[in-house]
Amino acid sequence: MKFVHLIATGVTGLLLVFGTVDMPEFGDPASPASRHVSPRYIEESLAETEVPNMVTAVLADYRSYDTLGETTVIFTAALACLLILRGKRKED
Amino acid sequence: MLEEQQSVIVKTVARLLVPFIQLFGLYVIIHGHASPGGGFQGGVILGSSFILLSIAYGIDEVKRRLPLAALTVFTSLGVFLYAGIGMICVLWGANVLDYGVLPFEQPRSMGMLGIEIGVGITVMAVIVSIFHDLITFE
């Protein structure tokens, strides 16, 4: 039974490695991911947002709504911890 | 374990380090839109300074300086600030979080600074709040 697991894991791993063979090089400027909105961010973000930090310009301006959601997620995590852990528990 | 009295070395080092850690955290938040950093990172640095204080002096010392009620208010204040800036943009006639209409010198830069401060407040309060809840459980 152990061998079945081993073979299944090995075959899945080989398939995953095979799937990455024809992916573009890391940092390739001609890859599809680098041709869509990245040039716009690199060339225009300073003029459009008046902020020299490109990462913050994307995080806090172009995708500000997403960051609002992230902050709400963290807020919800604190709220959940507060409700579960803080205060006395009612005895069953 | 945190109830135990720490040695004088730990206490002195923590007392000396905490102001500088907090100053650096504030710098990371305030300078987040011009250099590497931002609300999340600066908030974590600020929160870790309070965790260091509670390891050295006990959680009651931190609760005396930063009451739990204030912590809970801070947790929601940051999100409120963020969403509030978004709604102010709506009041000035633009889309949500479209800072271009704010009445400042560099409106987009100032809007980003505002939301970074909001994120920083929330993350700081959340880190300290979760830490407190975990070590005082039962």
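1. Basis of the model. The structure is predicted; local features require pLDDT of at least 70 and side-chain atom pairs pLDDT 80 or more, whereas totals for chains, interfaces and linings use all residues. Residues are numbered from 1 along each chain as its sequence is written, while chains are lettered from A and ligands numbered from 1 in the order in which they are written.

2. Overall form of chain B. Chain B contains five helices and zero strands, in the order α-α-α-α-α from the N terminus. Helices (H or I, at least four residues) and strands (E, at least two) are DSSP runs, numbered from the N terminus. Along the principal axes, the C-alpha atoms of chain B fill a box of roughly 55 × 30 × 20 Å.

3. Burial and contacts in chain B. Of the 138 residues in chain B, 37% are buried. A residue is buried if 20 or more other C-beta atoms lie within 10 Å of its own, exposed if 12 or fewer, and partly exposed in between, with C-beta atoms placed from the backbone. Among contacts in chain B with a separation of 6 or more, 65% join residues 24 or more positions apart; two residues are in contact if their C-beta atoms, placed from the backbone, lie within 7 Å.

4. Loop residues of chain B. B:Leu97 lies in the loop between helix 4 (68-91) and helix 5 (107-135) of chain B. Its phi is near 60 degrees, a positive value in a residue other than glycine. B:Leu97 is buried because 23 other C-beta atoms lie within 10 Å. B:Pro36 is placed in the loop between helix 1 (8-30) and helix 2 (39-57) of chain B, and counts as exposed because it has 11 C-beta neighbours inside 10 Å.

5. Chain A. Helix 1 (residues 2-20) of chain A has 19 residues, and the count of buried residues among them is zero. A:Glu50 is found in the loop between helix 3 (38-49) and helix 4 (54-62) of chain A. This residue is not a glycine, yet has a positive phi of about 60 degrees. With 19 C-beta neighbours inside 10 Å, A:Glu50 counts as partly exposed.

Notes: The expected span of a helix is 1.5 Å times one less than its number of residues.
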